[in-house]
Structure formats: structure tokens, C-alpha cells
Amino acid sequence: MVKPDYVLFDKDTTAIIFGNQQAAVQRMLHFGYLAGREKPSVAAIVNPSGGRKGLMKVFYGKDEILLPMYNKLGTAVKNHPDADVVINFASFRSAYDVSVEALNYPTIKTVAIIAEGIPERQTRQLIALRKKLGKWIIGPATVGGFGGGGFKIGNAGGALSNILMSKLYRPGSVGFVSKSGGMLNEMANMIARNSDGVYEGIAIGGDKYPGSTLVEHLLRYEANPEIKMMVVLGEVGGDDEYEIVDAIKDGQLKKPLVAWVTGTCAKVFPSEVQFGHAGAMARGEAETADAKNAALKEAGAYVPNSYDDLDKHICKVYEDLKAKGIIEEKEEVTPREIPVDYDPRTMRRSTNIISTISDHRGDELLYAGIPISEVIRDGYSVGDVISLLWFKKRLPKYVTEFLELALMITADHGPCVSGAHNTIVTAMAGKDLTASVASGVLTIGPRFGGAIDGAAKYFKDALERGLTPRQFVDEMKAKNINIPGIGHRVKSVHNPDMRVNLLEEWAFANLPKHKLLDFALEVEKITTAKKNNLIFNVDGCVGIVFVDIMHSTGIYTEDEIDEIIDSGTLNGIFVLGRTIGMIGHYLDQKRLHSGLYRHPWDEVLYMLPSETEVLEYRKAK
Amino acid sequence: MAQRGIREYDAKRILAKHMRRLSKGTFKYRGRVVLVTPDTSIEAAAKRKHWVKTEKLTVKPDQLFGKRGKHGLLLVNATYDEAKSWLEEKMNSIVEVGKVHGKLTHFLVQPYVELDKEYYLAFAGHQDGDYIHFSAEGGVDIEANWDMVTTVNVPIDAKIEDVDLTPILDSVSNDEMDAFRDLITALFRFYRKLQFGFLEFNPFTHKNGEFFPVDTVARLDDTAHFLCHEDWKDVEFPAPFGRELRPEEQYIEELDEKSGSSLKLTVLNPKGRVWTMVAGGGASVIYADTVVDLGFGDELATYGEYSGNPTTEETYDYAKTLLDLMTREKVEGGKVLIIGGGIANFTDVAMTFDGIIQALDDYAEQIKKHDIKIFIRRGGPNYKAGLAKIREAGKRLDLDMEVHGPDMHMTKVVSIALKNLEGGR
């Protein structure tokens with residue numbers, strides 16, 4: 001459903017939060033929960049500085065939920081096309097760049113900028129951009145706002161107690177806008193005490209050039225049939241309030257408007273005093289609070305003589321509208337209950353570890369949500385169990401088949417490779433199974449078995465950048481990096497590795513597309529032309545075929561595939577497979593009752609310093 | 001924070017560094033200016049810059065106020081010796097400018113320029129762009145001659161090279177057109193690149209590719225410091241004339257700069273009987289307004305605010321500074337302290353009130369001695385705990401104190417406090 005232009009926030013609005021603002025996110029979620037939203041108002045969090053991707057743990061009502069966390073705004077926007085608000089918590093140094101990026105994404109309609117102290121010229125450029133694109137900016141230098149009975153920006157609205165006190169969890173009939181963010185709650189409270197409450201409350205921020213102006217929000221309120229009256233809190237300095245005066249005079253604003261411009265005290269100050277807000281400094285008589293209040297009153301707004309009487313004016317206008325039947329009595333809704341008031345200190349203490357793959361607490365053990373009985377009775381294979389526990393879902397059959405194939409092929413490679421050798425030596429020293437196997441596993445790394453990740457990563461990157469196989473080989477040579485997945489100690493073109501052939505055969509038979517494998521085979525042609533043993537090896541083949549598989553499932557984005565590779569998942573295949581072989585070698589040695597192994601001395605080249613070198617050293621000392 | 005005035009000296013000094021590059025070699029500005037202060041004499045300047053002794057000079061105060069000629073504070077076409085004795089006479093003297101009294105401490109000295117024509121040029125930012133105002137009839141009467149000023153708007157994302165300046169150069173002869181175009185273009189680049197909010201040259205002239213600005217008024221956007229600090233090089237943002245910072249104001253300003261929160265303090269009337277310590281930029285103005293609206297403007301001692309969740313320590317420092325100022329002069333009938341604020345968004349009321357309570361602990365005896373009544377109103381995260389703590393502290397220290405929460409109208413506490421001022425009106 002397309003929302004009308006005047007709606008920025010409603011009960012379905014979701015936002016992307018730029019900045020690692022757990023407390024603000026939590027407050028937004030609590031607010032939405034109270035208001036009875038169906039889903040959380042935060043779609044995702046972008047945490048650029050830590051670069052930490054993953055999940056943020058938060059509460060939604062009684063439940064602890066996980067929100068996706070990205071390190072790039074672009075990824076978050078792409079993965080959450082329904083989110084049309086970006087709440088930009090970047091510092092004043094980077095707020096401009098982040099806002100430009102956010103405004104340029106077609107799915108983003110509103111950007112709220114929290115930072116104070118953004119250079120005025122940058123803000124003016126942002127305003128020009130948002131006007132050109134037909135979008136909204138709230139801020140800078142603001143806490144934001146709330147509206148539509150279910151969405152709020154970051155910390156706006158304050159503590160839960162205040163949200164309850166001011167009944168912000170359900171929409172009232174009053175549209176409110178102010179410059180000051182600090183006055184937002186205060187005004188919402190005042191309005192709640194003197195009417196049926198705020199429908200929407202926005203603080204545009206105290207800067208000289210706000211991203212959207214008071215009158216722009218009032219015109220939205222005018223267009224919104226749910227809003228019956230408006231309240232505006234202006235400020236000394238600037239001429240925003242005269243735009244309101246003009247809008248009333250030419251009939252654009254017709255709904256009753258209660259207005260007050262603060263800063264009447266400036267007249268008694270001896271010389272210019274800069275108030276807390278950057279925009280609050282009167283330059284010339286027209287910008288004073290007194291002049292603006294007078295002009296608003298003259299145009300037909302309800303203007304008190306002092307802030308002290310603002311509440312009475314709101315009450316009077318509201319009661320009038322009610323008497324005329326324009327505002328109808330609404331039935332009070334009871335907000336959903338939240339167990340405890342939010343407290344960041346206790347919340348962070350609540351749990352220390354997140355588990356998203358298995359749960360032992362219920363009647364039955366769960367693997368990625370599947371009860372163990374189902375796993376057994378429905379004939380899950382070992383590959384299926386791996387896919388549940390590694391990838392959190394049951395992957396298609398050809399994938400699990402490949403996993404099993406890879407485990408079988410990598411299960412062992414004879415007693416001489418470092419893993420088996422270490423296991424054998426440790427077993428011969430009389431150590432137990434765990435120690436022996438561990439000592440073998442510990443040799444797995446970049447030189448032994450660990451090329452799976454590297455091959456997947458480098459080949460995938462080269463293909464994505466559109467390099468030809470030749471360019472890729474040249475580039476790696478120029479960087480002086482051996483291409484992971486290429487080369488073998490023993491095997492060569494004339495003595496091919498059967499394991500590689502088997503994997504390739506499987507891929508050609510089972511995958512509709514195998515772009516990366518094709519690319520790798522082209523690379524192999526170039527490398528083997530240089531040297532016979534620079535063949536595509538088994539590590540490389542497992543890694544690369546697995547990337548092709550992930551693409552073929554169609555359920556993973558490029559970023560997710562990169563993350564799977566970066567987290568070392570593919571090396572896991574080798575570790576798991578080879579452990580089968582190493583356990584075998586341990587058991588083999590036990591059966592043989594082998595004694596302690598001692599390496600024959602004539603297999604070692606001894607090269608100590610010569611006698612003369614030692615003498616010289618002694619002399620020097 | 002915002003646009004702030006800088007000294008004419010700084011504006012010209014910075015311009016001299018950039019003029020040749022920004023005009024692509026078409027103009028130069030020699031930047032022959034020196035600043036004379038109580039610590040840097042004209043004698044010392046003459047040793048570094050030979051023109052100070054060889055040229056005829058213009059001398060004027062450089063303290064962010066204009067109309068210096070009309071106030072008899074302008075010396076022109078003077079010899080070095082004349083300038084020196086004039087400076088000796090004026091330095092550290094108190095003068096009245098407009099409604100404000102202040103001490104003269106900073107003077108600009110530059111070579112005197114004989115003008116056959118007085119041009120006017122100003123750049124002023126507005127939301128959608130920047131205005132260029134130009135007139136061939138500049139000088140002290142520019143305001144009277146404002147109808148001679150022509151204006152062109154440069155949209156915020158337009159390049160100055162793409163803007164047609166011909167309409168504002170009507171009054172300039174054809175053979176001078178290109179030179180003016182180059183000059184205005186260069187100065188506009190300077191204005192934009194160095195993040196000025198306002199820049200005015202009145203009057204100025206140029207000759208053979210050299211720029212002669214006589215008077216310059218400039219405001220920089222100080223929030224752009226992180227972008228421009230290399231170009232600005234130690235620029236100073238002086239307090240407005242007559243508003244020299246007191247040590248306490250200076251202290252709070254330093255505290256503010258170091259903190260991620262906002263801490264502001266301006267002493268209006270140290271003998272005043274109404275003191276405020278208000279949380280929030282918006283609320284603080286409203287509290288001051290209400291004091292004024294209720295007729296106690298002349299008793300208002302300070303304007304200030306603390307906001308953005310300051311730490312307990314920062315709030316303590318702020319409260320201590322205020323209480324210290326407040327307990328210096330004894331006033332008949334006592335004083336009131338309004339610790340006010342709206343309903344905070346995320347400032348932790350209990351934590352900030354801890355800081356205030358520490359300060360009350362330190363100053364309890366003084367507070368009683370000066371017959372100070374304290375009125376409190378605050379809401380926001382943890383406000384119940386905060387209010388309970390301060391109420392308890394009030395009892396423990398035996399202070400005259402009234403505590404209110406968000407169920408009372410925000411400024412009601414002001415009228416209650418003012419009624420308590422003995423001999424109140």
C-alpha cells in the first residue's frame with residue numbers, strides 16, 4: 001500500500017539505525033511493543049566503526065530477539081527494502097556523508113540526523129539534495145520525534161514512564177512541532193494533560209538551517225485528516241515563524257494552531273547572548289520572539305502571553321473542537337505490558353552468550369529448530385545435520401550430498417601428511433585420543449588443508465572484479481602471492497589427482513551453473529603451462545565448487561557468501577573430514593601397541609656454530 | 001556552535017594567504033595588517049613590518065563592533081607617531097557603543113588607502129544559497145544607499161563560475177568589468193571554501209590586480225573547524241564587545257569543549273536575586289522567558305543550560321561554579337535558585353542530580369548564610385530516584401527546598417519561586 005505523502009511514520013514504518021546505538025534501538029522497540037506494533041520498528045543496524053557484522057540482541061516485549069547488524073549502509077538498505085527511514089547517529093564529522101548516501105537510496109524517504117555541530121554549508125547542501133529528491137530530513141541537532149502511534153526516532157519520547165504518562169503509545173488528535181528536541185517530551189506531556197494527546201511530535205532541531213522547517217511539518221499535519229489541531233513551539237532568531245504566518249494568511253493552514261515563540265527574555269540581555277541552540281540569535285527586530293509572537297497572533301494563531309499559559313490555550317482549543325464535534329472521544333487503549341523498565345546496565349547483564357543453532361532446554365533437543373526425533377525419523381543424513389548446525393537450515397539434497405562427498409574425499413591422505421604424522425607421534429608417546437587427534441588438527445592451517453577458504457576467496461574476488469584468468473594470474477604474481485588451491489607436492493598434469501577429478505565430475509553432473517569452477521580450470525591451464533605440478537588441487541576444488549553451490553541455491557547474497565567464507569566455514573569441511581582419518585590413525589597405533597617414536601638422528605642436518613665462531617664470540621664477550 | 005564573528009585582523013590575515021590561489025593569479029592581497037593589544041605594541045610590530053613606520057596609517061578598534069567612525073574611534077591618514085600616541089590614549093579605555101560599555105583592547109593597524117571610489121561587496125548565506133550584494137556606492141552610508149545595492153543569488157550547489165555576475169556589475173565601466181568579475185569570483189570562493197556565514201568588504205577598491213579592503217566584517221561557522229582548521233590557522237572567536245568572559249564563564253566554556261554534552265553559562269547580573277540552573281537548550285530559554293515575562297528580568301542573574309546527559313562529575317562542576325558565583329554577594333531579602341528542566345529524553349536525572357547534590361553538600365553553609373531558597377522541577381529517565389535523592393539531601397543539609405516532578409507545569413515553579421522572593425513585587 002502506498003502511503004500518502006504526509007505520512008512519515010505509522011505503525012508499519014521500519015528504520016535502519018546508523019550507529020551502534022543499542023540503548024536507542026531498545027527504546028524504539030519498547031515503544032513499538034507498547035503501541036502494539038506487529039513487528040519491531042528497527043529493521044537493521046549499521047555499525048561502521050567497529051566493522052562488526054552480526055546480530056544485536058534486544059528485547060521485544062518479553063522476548064529477546066536478534067536484529068541484523070551490518071558494516072555498510074548500502075548492504076542494510078539492500079537487504080531491507082521495506083525500511084524507509086534512516087536514523088543517522090553519525091558524528092558531526094561524518095553525518096553529512098552518511099546522509100547524502102542515505103538520501104540517494106530510492107527506498108529511503110526520511111533521514112533523521114541526530115548530530116549537533118554539522119557545518120551550516122553541509123546542511124544547506126543536504127537540504128538542496130533532499131528537495132531535489134523529494135525526501136525529508138529531520139534535524140540535524142535533534143532527538144527526532146514520534147508519530148502515528150507506533151514509531152519513534154531513537155531516544156525521542158524518553159523513558160518508558162514518560163511514554164506511558166503522555167500516552168504516546170496511541171495517536172491523539174494534536175500535531176506538534178518544535179525546534180527544541182529537549183522540549184519534545186515536555187510538550188507531549190503538556191498536550192496529553194490538556195487534550196487527547198499527540199498524534200505526531202517532531203523536533204526539527206536548533207540549527208540555523210533545519211533540514212525541514214516548522215511550516216513544512218505543519219502543512220503535513222494540515223493534510224492529515226487524523227490531526228485536528230496543531231501546536232508549534234518556535235524560537236527567537238531566523239524567520240521560520242513568518243512562513244507559518246504567511247501559510248495561515250494565504251489559507252494553506254486552516255486547522256486551529258496554538259503557537260508560542262520562546263526567547264522573549266533576549267530583550268533584557270545587555271548584548272548578544274548565544275542561547276543553547278545555534279539558530280537562536282535574533283538579528284534584527286523581526287527575528288525577536290516578541291515580534292514573531294505578535295505576528296502569529298495577528299495572523300490568527302492562538303498565542304498566549306507567556307509560556308506559563310500555553311497549556312490553558314491548548315486546553316481551550318481542544319475543548320472547543322470537542323464541543324463542535326470535530327474531535328470525537330476516542331476509546332482509550334491499554335498499552336501492552338513490558339516486564340521491567342528498560343535499564344541498559346541490567347539488560348547487558350541478562351545473557352552472555354547467544355546461541356542460534358541448538359537448544360537443549362525443552363522436551364527435546366533442537367537442531368536449528370528441528371526436534372531430534374524428526375531428524376532421526378525423517379531420515380536426515382549426516383550432510384543434513386551439518387547443514388542444520390552450520391548453516392541453520394536444511395539445505396537442498398545436492399548440497400548435503402556434496403558436503404558428504406567432500407568429507408569422504410578429505411577423510412584421509414595417508415600417514416605422511418602433517419596431521420596424520422602428528423597424531424601418530426602423539427599416540428606413540430602414549431597420549432590419549434583427544435590429545436593425539438588435537439595435535440593433528442592443530443597442524444591444519446594455511447599450508448596444510450587450509451587453502452579451501454583462500455581459494456574460494458581469491459577466485460571469487462577475481463571473478464567478481466571481472467578479471468580474466470590471465471589477469472588474475474598476473475596480478476597474484478605481481479603481489480607475490482601463491483594462488484591458494486593451485487599446486488601440489490606430488491601430483492601433476494601427468495599424475496592427476498583422482499579426488500579432484502571426482503569432485504569436478506560431481507559438479508558438472510549436479511550443478512546447472514559452475515562459473516567459478518570454469519574460471520578455475522582456465523586458470524589451471526595457464527599455471528600448468530608454466531609448471532607441471534601447478535594443478536588445481538583438492539582444497540581449491542572443494543572451496544570453489546562450494547561457492548558455485550551457494551550461488552546455485554539462490555538463497556544467499558554475495559555478502560552472505562563472503563561472510564560464510566570469511567568465518568572459515570569451508571575449512572571446517574577439511575577439519576571435520578580429516579578428523580575421521582586422524583582418529584583412524586590413533587586407533588591404528590593403539591592396536592599396534594607402538595612404542596615411543598624417536599626420530600633417527602641421521603635424518604637431521606646438524607648445523608651449529610663452528611668452534612672458531614664460538615671462540616670469537618667468547619673473546620668478544 | 002554557530003556562526004561567530006571574527007576579528008577583521010584575522011579575516012584579512014587569512015585572506016592574504018589564499019587570495020592569489022583562489023583568484024587563479026589574477027589578484028593579490030598583501031594582507032598588510034597588524035593587531036595591537038595590551039601585550040603586542042605598535043613598536044614591536046614596526047620592527048617586523050617596515051611599512052608601519054614608512055606608510056600613512058589607519059587605526060581602529062577590532063572588537064566586533066562597527067560604525068567606528070561615528071563613535072570617534074577611527075584614526076586615518078596618520079603618521080606612525082600619531083598612531084602611537086592615539087593608541088596609547090585609547091588602549092584599555094572604556095567606551096560606550098550602542099547600549100554596551102566595554103574596554104578597548106584590540107586595534108587593527110593598516111596602511112591608509114586613499115579611495116577615489118568606494119565599492120561595497122558582501123556575501124550572506126541563506127537556506128538555498130548565498131547572496132552576493134554589490135554596490136559602487138559603498139562606504140559609511142551604505143544603509144542609507146541600500147537601494148543602490150544590486151544582488152545576485154548563488155544556489156547552494158552551483159559553481160560560482162557558472163553564475164552570471166553581469167546584472168550586479170551594471171554600475172561598473174566596461175573596461176573594469178573583467179577585473180571585478182575575477183575579484184568577486186575569487187572572494188566568493190574564499191567565502192565558500194573557508195566556511196564563512198557572512199563576509200563584507202565596505203568600502204574596498206582595487207588597482208592593477210591588487211585588492212584593497214578597507215573595512216571587513218566576517219562571521220565564520222565555527223562548527224566547520226574540523227574541515228578548515230588548517231586554513232583558519234589559530235583564528236580567534238572573541239566574545240561580543242562588552243561581553244568579556246568572566247573566569248567562571250571561561251571555565252564552563254572549557255568544560256563544554258571537552259565534553260560530549262552541552263554546558264553553557266552567561267552571567268547577566270551577578271547582583272541578581274533569581275538564579276537558574278536549567279537542563280536543556282529549549283527549556284532554559286523558556287525558564288528565562290518566564291522570569292522576564294513575570295517582571296523579574298532585572299533580577300535574572302544568569303542564563304545557562306546543561307544537557308545531553310552530562311556525567312555526574314560534569315554536573316557537579318557546573319553546579320559548583322554556579323553556587324560559588326551565587327554566594328559571593330549577600331543581598332537583602334535573599335535569593336532563589338531554580339533547578340529546572342523539562343522531561344528529558346535520555347539525560348539520566350538521578351545521575352545528574354548526584355552531581356548537583358555533591359555541590360549542595362559543598363555549599364550548604366553558604367547557601368543558608370545567603371538565605372537562598374531552592375525550587376526544583378524535573379522529569380525524564382530515573383526522575384523519581386533523582387527527585388527522592390535531592391529531597392533527602394535537602395532535609396539532611398537543612399536547606400529551604402521545594403521539589404516537583406513532571407506532574408506540575410514546567411514553568412509553574414518559576415512563579416512559585418518568584419512569590420518567595422521576599423519583597424517581591
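**Figure 1. Overall form of chain A in the predicted model.** Chain A exposes about 28,600 Å², and carbon and sulfur atoms supply 54% of that area. The coordinates shown come from a predicted model. Chain A holds 24 helices and 16 strands. The globule rule gives 25 Å for 621 residues, whereas the radius of gyration of chain A is 34 Å, well over that value, so the chain is more spread out than a compact globule. Along the principal axes, the C-alpha atoms of chain A fill a box of roughly 105 × 70 × 55 Å. Of the 621 residues in chain A, 53% are buried. When contacts in chain A between residues at least 6 apart in sequence are taken, 75% of them join residues at least 24 apart.

Figure 2. Helix α16 of chain A spans residues 433-441 and includes Ser436(A). The relative accessible area of Ser436(A) is 0%; the residue counts as buried because this value is under 20%. A polar atom of the Ser436(A) side chain lies 2.8 Å from the backbone oxygen of Asp432(A). With residues up to four places away in sequence not counted, Ser436(A) touches Thr423(A), Thr426(A), Ala427(A), Lys431(A) and Tyr586(A).

**Figure 3. His421(A) in helix α15.** Helix α15 of chain A, residues 418-428, contains His421(A). His421(A) is partly exposed, at a relative accessible area of 33%. Neighbours within four places in sequence left aside, His421(A) is in contact with Pro415(A) and Cys416(A). The view also takes in Gly577(A), which is 156 residues from His421(A) in sequence; C-alpha to C-alpha, the two are 16 Å apart in space.

**Figure 4. Arg377(A) in helix α12.** Arg377(A) belongs to helix α12 of chain A, which covers residues 372-377. The relative accessibility of Arg377(A) is 71%; the residue counts as exposed because this value is over 50%. Thr569(A) is 192 residues away from Arg377(A) along the chain, and a distance of 28 Å separates their C-alpha atoms.

**Figure 5. The salt bridge between Arg361(A) and Asp359(A).** The side chains of Arg361(A) and Asp359(A) meet in a salt bridge, with an N to O distance of 2.8 Å. Arg361(A) is exposed, with a relative accessible area of 69%, whereas Asp359(A) is partly exposed at 22% relative accessibility. Over all chains, the count of salt bridges comes to 57.

**Figure 6. Domains of chain B.** Chain B is divided into domain 1 (3-30 + 115-232), domain 2 (34-111) and domain 3 (247-419). The C-alpha centres of domain 1 and domain 3 of chain B lie 45 Å apart.

**Figure 7. The salt bridge between Glu236(B) and Arg7(B).** The side chains of Glu236(B) and Arg7(B) form a salt bridge, 3.1 Å from N to O. Glu236(B) lies in the loop between α6 (225-232) and α7 (247-258) of chain B, and Arg7(B) in the loop between β1 (3-6) and α1 (8-22) of chain B, so the pair ties together parts that are 229 residues apart in sequence. Glu236(B) is partly exposed at 34% relative accessibility. Arg7(B), in contrast, is buried, with a relative accessible area of 3%.

**Figure 8. The salt bridge between Glu365(B) and Lys368(B) in helix α10.** Both Glu365(B) and Lys368(B) lie in helix α10 of chain B (residues 349-369), where they are three residues apart, about one turn of the helix. The closest N and O atoms of this salt bridge are 3.5 Å apart. Glu365(B) is exposed, with a relative accessible area of 56%, whereas Lys368(B) is partly exposed at 34% relative accessibility.

**Figure 9. A salt-bridge network in chain B.** Five residues are shown: Glu8(B), Lys12(B), Lys60(B), Arg68(B) and Asp215(B). A network of salt bridges links these residues.

Terms used: Residues numbered from 1 in each chain as written. Chains lettered and ligands numbered in written order. Predicted model: local features only at pLDDT ≥ 70, side-chain atom pairs only at ≥ 80, totals over all residues. Heavy atoms only, no water. Helix = DSSP H or I, 4+ residues; strand = E, 2+ residues; numbered from the N terminus. Buried < 20%, exposed > 50% of the residue type's maximum accessible area, 1.4 Å probe, protein only. Polar contact = N/O pair within 3.5 Å; in protein donor to acceptor, adjacent residues only side chain to side chain. Contact = heavy atoms within 4.5 Å. Domains from an automatic or database assignment. Rg over C-alpha atoms; globule rule 2.2 N^0.38 Å. Areas by Shrake-Rupley, 256 points an atom, 1.4 Å probe, with all protein chains shown as cover. Salt bridge = Lys/Arg side-chain N within 4 Å of Asp/Glu carboxyl O.
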